[in-house]
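Here's a quick briefing on the chain shown below.

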Amino acid sequence: MPVLIAIIGTTKEWSATGGCAGGIVEDRGMLVRLEKTPHQHQRPTKVRVRSSVGHAVVLWGGDSEEVDGQHHVEWSVDEDIQWGHNTQSAAIAEPGFWQDGDQVVLRGRVHFTEDGAAVLEMGDSQILFDLAAPPPESIDRAWVEISVEAGKITLWPYRL
């Protein structure tokens, strides 16, 4: 399955053959606050993530004892961008993420790489996506909203 990864607060090089955007992605960093949701006894743990651009409930892939507090994180999402299905033009030109029922909506500015991937700029972070099919060229550098099932998003701790 395809994987989306956001490296928060670092520079990371990705292989063009690895299914993610080739080249170097520089990220200016986003600090998030995590809280365990009540009644958590299963793995992975559900967490409430809050930042300056939004809040939602997603999965936590790190140590469940280290959830509560501020963290730099990587986001992994098991879904591709599919224009007209889970991705559409945004009505507002500002970054954000929020819960919408069992979905999490990620809003940011998208641009496409030469090797057929996409980068979503959401606040101070850049999130790499694979594409299910080529999107319209007219949305390159446009503000978009990507809706993903909350259970397909996992946050991982990232040590700076």
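Predicted model: local features only at pLDDT ≥ 70, side-chain atom pairs only at ≥ 80, totals over all residues.

Residues are numbered from 1 along each chain as its sequence is written, and side-chain values use heavy atoms, with hydrogens and water left out.

**Overall make-up**

- The chain has 14 strands and 0 helices; both are DSSP runs numbered from the N terminus, with helices being H or I of at least four residues and strands being E of at least two.
- Of the chain's 160 residues, 46% count as buried.
- Take the contacts between residues at least 6 apart in sequence: 64% of them join residues at least 24 apart (contact means heavy atoms within 4.5 Å).

- Searching the whole structure turns up 5 salt bridges, each being a side-chain nitrogen of Lys or Arg within 4 Å of a carboxyl oxygen of Asp or Glu.
- As background, side chains of opposite charge can pair when their charged atoms come close.
- One of the salt bridges pairs Glu-35 with Arg-48, with 3.8 Å between the closest N and O atoms.
- Glu-35 sits in strand β4 (residues 31-36) and Arg-48 in strand β5 (residues 45-51), so this pair ties together parts 13 residues apart in sequence.
- Arg-48 is partly exposed, with a relative accessible area of 27%.
- Glu-35 also meets Arg-50 in a salt bridge, at 3.6 Å from N to O.
- Arg-50 is in strand β5 too, while Glu-35 is in β4, so here the tied parts are 15 residues apart in sequence.
- Arg-50 counts as partly exposed, at 34% relative accessibility.

**The Glu-145 and Arg-107 pair**

- Another salt bridge joins the side chains of Glu-145 and Arg-107, at 3.4 Å from N to O.
- Glu-145 belongs to strand β13 (residues 143-149) and Arg-107 to strand β10 (residues 103-112), so the pair ties together parts 38 residues apart in sequence.
- Both partners are buried: Glu-145 has a relative accessible area of 15%, and Arg-107 has 9%.
- Back at the other site, shared partners join Glu-35, Arg-48 and Arg-50 into one salt-bridge network.

**Thr-87**

- Thr-87 lies in strand β8 (residues 87-89) and is buried, with a relative accessible area of 3%.
- Its side chain makes a polar contact of 2.9 Å with that of Asn-86 (a pair of N or O atoms within 3.5 Å; within protein, one must be able to donate a hydrogen and the other to accept it, and residues adjacent in sequence count only if both atoms are side-chain atoms).
- Setting aside neighbours within four places in sequence, Thr-87 is in contact with Ile-81, Gln-82, Val-144, Glu-145 and Ile-146.

**Arg-141**

- Arg-141 has a positive phi, near 75°, despite being a residue other than glycine.
- You'll find Arg-141 in the loop between β12 (125-130) and β13.
- Arg-141 counts as partly exposed, at 49% relative accessibility.

Conventions. Buried < 20%, exposed > 50% of the residue type's maximum accessible area, 1.4 Å probe, protein only.
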